[in-house]
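Q: Could we go through this model together? I would like to start with how its parts meet.

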Amino acid sequence: MSAPTQPSPSDLRLHAVRVGLRRGWRLCLLSLRNPEDLVFYLLWGGGMAVYLILNRNVVMEGTDLGLPAVALPGIIAAVLVFGGIAGPAFSLVLEREDGTLLRAKSAPYGMDGYVTAQVVYQVSGALPMLAILLVPSAFIIDDLMPRGPLGWLVVLGLLVLGFLATMPIGMIIGSLARKPTHVSTWGMLPVLGLTLFSGVFGPVTNHAGWVQGLVQGFPTYWLGHLMRWIFLPDAAKQIELGGQWRLGPALLVLAAWAVVGLVLVPRVLRRMARRESGSAVEARMAERMQRVG
Amino acid sequence: MDDAVIKVRDLRMRYGTKDVLDGVDFEVHRGEVITLLGPNGAGKTTTIEILEGFRERSGGDVTVLGHDPLLAPEPWRAGIGIVLQSWRDHGLWKVRDLLRHLGEYYEPYGTPGRPRPRDVDELLEAVGLADAAGQRVSKLSGGQRRRLDVAIGIVGRPELLFLDEPTAGFDPEARRDFHDIVHALVDREDTTVVLTTHDLDEAEKLADRILVLAGGRIVADGSADALARQVQGKAQVTWSRGGERYVHAADDATAFVRQLFAQYGDDVADLEVRRTTLEDTYISLVRKHEFGEESRPEPGGREDDLSRTSTEGVRR
């Protein structure tokens, strides 16, 4: 690795990103061996899978589709949005407290490595969850993916888009929050609320008009809409708002969140990292001891 | 060629209305070990954090390895190692994996004279963690955890190493091992070391130079010996005669003792000559500058009439 010529700053940065990719992979392996994380997957993913299985014979009103088939795409969207926001938000606020972030900041281009690792880790963390949802679904839903292999490829693309739209929000929440409880209160409660009303658990048409309008400003509803579009037969559009697929607005809203997030996130991260120091970590630890003790 | 690794001119730091640093000046040269001493709240950690580029200063000029720490490009970080007071990160990682991972960041910055990163297994051996290489970080004892922090601080083979109270919580053996590591870094690799400590004994053993911070300024700057001379320049002589104990502070202890024997001969017993310790020096310096008091002898009832030239010490 010792190059005789002086490497350029972009080469050096790229090196740190590669270190970050390896770090992300290792974090993922560590997570799969961590009992707490496994319990989380089983409890949430397993819980939703059980919900689908218990309702496997329920037919959605006005269609010939089963509840699991209609609910699964929305659940996938909700899992992704929730994980995409909560994952980085909690990671950042906790790792600021224990000094992980400061450690990254001490190494050359270490923050680039850190953020890269976060992305890899959070994306890979969604995979076990998806597996827990999809494997049982394959047995209880007649034709899980009517569009064949191409459909799965589109699902993959939608997952990427979903992460682009949500992970920056999570990182911003995690950077702005002063302590973990802030993430769970003013960070995650609104996200949870939006998820409940975004047509994941029952059609969005059940809610008041202003609620329908509100959720259409956020990623969860539209990601769910796109997932239903790809997972369900065309006729299923009658249960959507306006009785049709609205791919344009869906992509537009998600892309807008992604662009705004990606523009803001480096600034917010830089500002947060700039404020990190040993005594800041120390002060938070003292505060935490008081909270706990 | 200017070999100053750190240059600080008129450094100021103000929190609200309180001036923590009020015009600090000093330089550190390549291969030097300096210790920052000072009471709690004197600004030791603030100074180190400003040098590390982790804290914005209120005023003054600071140059570290040729750059202003606030404006330094990222590769500048490759030359700097940092060991903080406490770290609880990466609990799930195994010791060797973590060290190897963090070392990878330094790969492009190696030179033939300074290969980077350090070999992980040699490093684990050096800090006494070879047996714990496969353990999870969260399972380490407090002392082992500190050794790991030191190992991480030097994995990139830094030219400049910052240690903030590195041996807090070490047992005497671990402390001596740590001192050996620092000596080796300085001798073999010409590493410059800046450390803070509360342990005066450690300061004396490790540091080429001690900077005492008090009242927002550097109030003393020199070797442990020079500091002791600067403050008191006296040795304390105690003896007993006819069942009474005496104490006297002498500028020239040898001459005083010679005179003592000439005068009383065999009557003198329990003779003890004590050089001013770094602790005496430190306490009198801090008193003088923190509280505006003049230096005075340690409490404990010993008093002495310094103007007296006879060997009549003071009875107690």
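A: Contact here means heavy atoms within 4.5 Å. One caution at the outset: this is a predicted model.

Q: Understood. How many residues does the contact take from chain A and from chain B?
A: Chain A contributes 34 residues to the contact, and chain B contributes 31 residues.

Q: And what area do chain A and chain B bury between them?
A: About 3200 Å² is buried between chain A and chain B, with 56% of that area on carbon and sulfur atoms.

Q: How many salt bridges are there between chain A and chain B?
A: There are four salt bridges between the two chains. One of the salt bridges pairs Arg26(A) with Asp97(B), whose closest N and O atoms are 3.1 Å apart.

Q: Which helices of chain A supply at least two residues of the side that touches chain B?
A: Those helices are H1 (9-32), H4 (100-106), H5 (110-140) and H11 (278-292) of chain A. H1(A) gives the most, with nine residues.

Q: What is the make-up of that side by class?
A: The side of chain A that touches chain B has 13 nonpolar, ten polar and eleven charged residues.

Q: Staying with chain A, what does UniProt place at residues 62-232?
A: An unreviewed UniProt entry places the feature "domain: ABC-2 type transporter transmembrane" there. In the model, residues 62-232 of chain A are 79% helix and 0% strand, and the end C-alpha atoms of the span lie 15 Å apart.

Q: Now chain B. How is it divided?
A: Chain B is divided into domain 1 (4-222) and domain 2 (232-315). The centres of these two domains, taken over C-alpha atoms, are separated by 39 Å. Their contact takes twelve residues from domain 1 of chain B and eight residues from domain 2 of chain B.

Q: What area do those domains bury between them?
A: Domain 1 and domain 2 of chain B bury about 870 Å² between them, 75% of it on carbon and sulfur atoms. Pro39(B), Leu200(B) and Val219(B) supply 47% of the area that domain 1 buries against domain 2, more than any other three residues.

Q: How many salt bridges are counted between them?
A: The count between domain 1 and domain 2 of chain B is zero salt bridges, and one residue pair is in polar contact, both residues being at pLDDT 80 or more. Helix H6 (200-206), strand S8 (209-214) and strand S9 (217-222) of chain B each supply at least two residues of the side of domain 1 that touches domain 2. The residues of that side divide into nine nonpolar, two polar and one charged.

Key: Residues numbered from 1 in each chain as written. Chains lettered and ligands numbered in written order. Predicted model: local features only at pLDDT ≥ 70, side-chain atom pairs only at ≥ 80, totals over all residues. Heavy atoms only, no water. UniProt positions renumbered as here; feature names shortened; annotations may be inferred. Helix = DSSP H or I, 4+ residues; strand = E, 2+ residues; numbered from the N terminus. Buried area = accessible area lost by both parts, 1.4 Å probe. Salt bridge = Lys/Arg side-chain N within 4 Å of Asp/Glu carboxyl O. Nonpolar A, V, L, I, M, F, W, Y, C, P; charged D, E, K, R; others polar. Domains from an automatic or database assignment. Polar contact = N/O pair within 3.5 Å; in protein donor to acceptor, adjacent residues only side chain to side chain.
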